[in-house]
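Please walk through the structure below with me, one part after another.

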Amino acid sequence: MLKCNTVCKRFAPLVRASSTVCRQNVRRAGLNNVRTPTCVPVARMSTEPLGGGGDNLKYALLVGAAFVGSLTYAVVTLKGDHQRSVKRMEDISTRLQKSTLHIQSAPPVWFSAPSALSKPKPEAAPSAEQSSPPPEAAAPDAETTGKPSAADSTSPSHKLPSHTPYLLIGGGTASFAAARSIRARDPGAKVLIVTDEPDLPYMRPPLSKELWFSDDPSVTETLRFKQWNGKERSIYFQPPSFYINPEDLDSAENGGVAVLTSKKVVHMDVRGNKVKLDDDTEISYDKCLIATGGIPRSLQVLERSGEEVMKRTTLFRKIEDFKSLDKVSRSVNSITIIGGGFLGSELACALGRKSTESGLEVVQMFPEKGNMGKVLPEYLSNWTTEKVKKEGVKIISEALVKSVACKDDKLEIQLKDGRLVRTDHIVAAVGLEPNVDLAKSAGLEVDSDFGGYRVNAELQARSNIWVAGDAACFYDIRLGRRRVEHHDHAVVSGRLAGENMTGASKPYWHQSMFWSDLGPDVGYEAIGIVDSSLPTVGVFAKATAKDTPKAATEKSGTGIRSESETEDTATSPVASATPAPAVEHKDDYGKGVIFYLRDKVVVGIILWNVFNRMPIARKIIKDGEEHADLNEVAKLFNIHED
Amino acid sequence: MSSVREEGKDKIIFVTKEDHEIPSSADLIEEDPDDPYEEKGLILPNGEINWNCPCLGGMASGPCGTEFKDAFSCFHYSKEEVKGSDCLEQFGVMQECLQKYPEIYPQEDDSSSSQTSQDSAPAEPPSPNRAPGNEQDSETTTPNKESSEES
């Protein structure tokens with residue numbers, strides 16, 4: 001495959017070149033059709049002789065009439081052909097770009113077009129011709145970009161490229177990772193990212209974690225946070241100087257990544273290889289990535305409760321949500337988070353930590369028995385819930401919301417079991433709805449089990465269309481069809497999509513991981529399918545007698561060593577009864593590994609407070625073997641070391 | 001001695017350090033270095049440079065990507081005694097480009113030519129697993145950090 005990789009790399013430009021040759025041939029054929037008919041009649045007329053004499057006259061008239069008749073017929077037919085071929089050429093042209101009849105006027109006109117064309121354009125033609133990668137983009141670009149500017153000089157889209165070799169729909173993590181991948185593999189690639197957000201690509205995890213722990217009062221503006229290694233960075237993947245302006249994309253000698261913000265792709269024409277934006281701009285592409293992510297799910301009870309309630313509700317996902325929640329958290333007395341999963345628990349812990357200073361009441365409610373109830377096995381979920389409570393969060397578990405009302409400027413949440421919670425603001429963290437808006441116009445399949453666009457193991461939906469990130473329901477060779485909503489998956493799948501868009505043809509193989517932090521005591525990394533409904537085997541480091549005050553006495557040799565040994569033997573076989581003195585240590589899930597099994601094969605692993613062991617976990621899942629004794633497998637993780 | 005407990009479908013095992021000192025009997029399948037699906041390190045098995053390696057920290061895909069690729073390719077294929085001594089021009093051009101984007105390429109490091117290891121390609125992208133720093137590509141200073149650790 002590696003040979004294939006390099007071969008593909010070499011062939012890709014050739015393939016591209018041949019496709020452009022095809023396109024140019026078509027256009028040339030069209031032009032020829034236009035020209036030929038106009039020549040022929042002229043030629044024919046000049047070669048026809050004229051007759052003379054009486055009988056000869058009649059004969060001549062007959063011949064003349066026949067001639068005229070046939071000439072008329074010929075002209076009419078050819079005119080019809082001409083019109084048809086002109087139309088055909090139009091069709092072809094419109095398929096390439098968003099132009100009309102005006103395209104028929106000679107291309108050179110656009111090169112010398114007046115000031116309406118932005119400065120780069122006259123340069124665009126020659127420089128585009130010079131740069132080899134997208135030669136096919138040169139002519140249509142020169143022709144069409146002129147048209148919109150002449151037509152509409154007020155709309156900002158008049159400077160936009162009407163064709164891009166690589167179009168990435170969505171400006172999130174997956175899209176950015178794909179852009180990186182494409183640029184690394186295709187020299188001089190021109191990548192256009194179109195996003196409906198006003199922001200450049202940024203990473204999401206800090207919005208519910210690190211940004212809340214920052215001491216900087218201006219963090220909502222700077223959006224900078226301190227990483228685990230102490231270094232500070234922005235949530236934006238790259239500063240604005242990394243990107244080039246969309247209008248400069250065509251003329252960029254070495255290509256680049258351009259981001260078109262605040263523009264939504266509303267229609268996709270797969271046959272024509274083009275998309276339409278919400279301002280009616282059309283952009284055609286060679287390869288397209290759909291990385292539209294999703295929007296936070298809302299609760300029906302909230303939607304039904306009216307505007308006053310919705311005004312006091314946050315559906316958390318984007319930078320603007322972070323900013324508004326931060327503001328709210330400083331001005332209200334009580335915030336309730338509905339949802340006990342990753343986002344809900346992380347936000348609860350983050351706000352809970354703040355509550356110690358501000359006196360903010362933080363409530364978290366969810367239908368499960370404990371935090372992360374759908375992810376962690378019950379014993380661990382309960383343990384985690386206790387930790388979250390210690391962060392200052394009021395937990396209301398097994399809570400199903402019946403109705404929400406706004407009374408006297410306060411929200412009243414009525415639960416199905418009768419409990420009532422009064423709060424000032426609600427944060428709904430109840431899941432993500434993958435964005436499949438383009439499925440209808442593009443004719444792409446949507447998965448009914450997991451949601452999202454259905455793609456194959458190589459993340460491809462159709463020729464020239466790939467999907468990555470939260471919106472992709474893909475086939476994982478090892479673990480089966482799934483859809484993953486984690487940051488690292490967005491990175492891994494975005495990278496893979498970028499590789500495949502540049503000819504790699506690789507399936508999803510490198511398993512992505514995820515992590516979560518819930519307060520200072522609980523941090524874990526996980527990989528694979530981590531679903532609490534699966535049978536699990538958890539191997540935890542036993543807090544040995546060494547870690548107890550007893551240890552001090554033992555060390556000094558005044559020992560009660562025998563006592564500790566008897567303790568051990570008493571507890572060794574499977575016993576539901578545990579000796580009293582050691583109980584608190586027994587239930588302390590400080591460090592360990594949890595295996596999730598499906599048909600006796602490990603499909604998911606959680607590294608509980610043990611770090612830097614992800615490669616081993618990844619290997620175990622990749623192997624997909626049945627292991628008789630998972631304790632033996634756990635040994636590979638060295639959980640007792642740091 | 002370890003203790004085992006079962007709570008429904010979930011099994012819980014507590015193990016001491018001593019329990020885990022006995023080497024594992026678990027079998028892991030041997031890695032195939034030619035596996036086409038695996039993520040590759042810096043140098044592909046055919047000797048070429050893997051520009052998409054996360055270890056490059058996005059140097060090959062940024063605004064100075066072309067210059068970096070030229071310089072590093074020259075270095076990689078250089079047969080001179082002092083490897084890369086025939087590539088000074090390319091490195092100079094690259095350095096010029098890097099200086100144009102101080103935000104993206106902070107100039108705290110000595111030289112971009114000392115990036116990436118010549119010895120061995122990291123089999124797995126060395127990842128600080130936690131936090132978004134995992135996204136190696138976004139951290140353009142990471143490769144410099146790595147090289148300074150190695151050199």
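**A walk through chains A and B**

Start with Thr384(A), which has its place in helix H13 of chain A, residues 378-390. The model is a predicted one. Is Thr384(A) buried or exposed? Its relative accessible area is 0%. The limit for buried is under 20%. Thr384(A) is therefore buried. Which residues does Thr384(A) touch, leaving aside those up to four places away in sequence? They are Asn371(A), Leu376(A), Leu518(A) and Trp608(A).

Stay in chain A and turn to a sheet. Three strands build it, in the order S14-S15-S16. The sheet is open, and the pairing is antiparallel. Strand S14 covers residues 401-407 and strand S16 covers residues 420-423. Each of these two has a single partner strand, so S14 and S16 of chain A stand at the edges, with one side of each left without a neighbour in the sheet. From one strand to the next, the twist averages 20°.

Now look at one pair in that sheet. S14(A) runs antiparallel to strand S15 of chain A, residues 410-415. How many bridges join S14(A) to S15(A)? There are six. Find Cys406(A), and opposite it, in S15(A), stands Leu411(A).

Strand S1 of chain B spans residues 3-7, and strand S2 of chain B spans residues 10-15. Five bridges join the two. Glu6(B) has Lys11(B) in S2(B) as its bridge partner. S1(B) and S2(B) form a hairpin, with two residues between them. In the turn sits Gly8(B), with a positive phi of about 70°.

Helix H1 of chain B holds residues 65-77, and helix H2 of chain B holds residues 88-100. Their axes come within 8 Å and cross at roughly 150°. Angles over 145 degrees count as roughly antiparallel. H1(B) is therefore roughly antiparallel to H2(B). The crossing in which H1(B) passes H2(B) is left-handed.

Which residues make this contact? H1(B) brings Glu67(B), Phe68(B), Asp70(B), Ala71(B), Cys74(B) and Phe75(B). From H2(B) come Gln90(B), Phe91(B), Val93(B), Met94(B) and Cys97(B). How do the residues of the contact of H1(B) with H2(B) divide? Eight are nonpolar, one is polar and two are charged.

Definitions and conventions. Residues are numbered from 1 along each chain as its sequence is written. Chains are lettered from A and ligands numbered from 1 in the order in which they are written. This is a predicted model: local features need pLDDT of at least 70, side-chain atom pairs count only at pLDDT 80 or more; totals for chains, interfaces and linings use all residues. Side-chain values use heavy atoms; hydrogens and water are left out. Two strands pair if DSSP finds at least two bridges between them. Helices (H or I, at least four residues) and strands (E, at least two) are DSSP runs, numbered from the N terminus. Axes are lines fitted to C-alpha atoms, for helices over the stretch in contact, and angles run from 0 to 180 degrees between N-to-C directions. Buried means under 20% relative accessible area, exposed over 50%, partly exposed in between (1.4 Å probe, protein chains only). Contact means heavy atoms within 4.5 Å. Angles under 35 degrees count as roughly parallel, over 145 as roughly antiparallel, 65 to 115 as roughly perpendicular and the rest as oblique. A crossing is left-handed if the near helix is turned anticlockwise from the far one by less than a right angle, and right-handed if clockwise. Ala, Val, Leu, Ile, Met, Phe, Trp, Tyr, Cys and Pro count as nonpolar, Asp, Glu, Lys and Arg as charged, and the others, Gly among them, as polar.
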